[in-house]
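Here is a short briefing on one structure. Look at the sequence and the model first, then read the points below.

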Amino acid sequence: MAYSQPATLADFFNTLPIQEVDFRLDRQRQVNGLAGGEILTADLAPAIWSGSMYLATMPKRRAAEVQAVLADLEAPGRSFEVTKPHQIGPASDPAGTLLAGASPAVAEVDAGNAHRLKLSGLPAGLALVPGDFLSFTYDQGSGPRRAFHQVVQGQAAGAQGAQTSFMRVQPLVRPGTITTGVSLIRPPMLAVLVPGSVNYGTTFGNTTSGMSFAFRQTLRP
């Protein structure tokens, strides 16, 4: 197994036989309950992605390769790329065929609402809809960071491949200079293993089963 650092999708994640997945956006917030039953919430920081991956039974030698990489990724400072399993492109282009020759980019972020942005460089008429994902790299002046967003309210591209109205995404678009195009085909985020979450499985005969791990998004390598 080829293995770089951070481990790319091709190096690691795309090779895994993922059977079940828990993939969610976690809110970093403070919650207070009042005597009258009201619940007050306040976001402490923008939400980040996290989840758990449960792997299918595999030959024990293949499992040993995965176990070796997981053990290395448990070391502090190690990260790897993650995307939504079993989902290649947006709903309107599920295999990524239309997007294969396109160069999507962020055309504009709404200055008054960082949940809203427009894309350009799309195939004419391509629609992004709720549930689609996208990622890009940005820089706040301290090095590259990786953004990962889910569409909440979508838009279709016009005849020139640009969205004329804003989409709404979650979480909000963090401030910084966007330094790359937008990935819509298996868009990657950067993640780290949650300490103590790795289950290395059990081996019976020639197969290993029960392997799993939890991840948490990190914005930079």
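Strand 5 and strand 6 form a hairpin with six residues between them. Strands here are DSSP runs of E with at least two residues, numbered from the N terminus. This is a predicted model, in which local features need pLDDT of at least 70, side-chain atom pairs count only at pLDDT 80 or more, and totals for chains, interfaces and linings use all residues. Residues are numbered from 1 along each chain as its sequence is written, and side-chain values use heavy atoms, with hydrogens and water left out.

**Strand pairing**
- Strand 5 (residues 105-109) pairs with strand 6 (residues 116-120) in the antiparallel sense over four bridges; strands pair if DSSP finds at least two bridges between them.
- V106 stands opposite L119 in strand 6.
- Strand 6 is also joined to strand 11 (residues 167-170), antiparallel, by two bridges.
- R116 has R168 in strand 11 as its bridge partner.

**Residue E81**
- E81 is in strand 4 (residues 80-82).
- E81 counts as buried because its relative accessibility is 13% (buried is under 20% relative accessible area, exposed over 50%, partly exposed in between, with a 1.4 Å probe and protein chains only).
- The side chains of E81 and R146 make a polar contact at 3.1 Å (a pair of N or O atoms within 3.5 Å; within protein, one must be able to donate a hydrogen and the other to accept it, and residues adjacent in sequence count only if both atoms are side-chain atoms).

**A charge over a ring**
- The charged end of K118 sits over the ring of F166, 4.6 Å from its centre (the rule is NZ of Lys or CZ of Arg within 6 Å of the ring centre and within 35 degrees of the ring normal).
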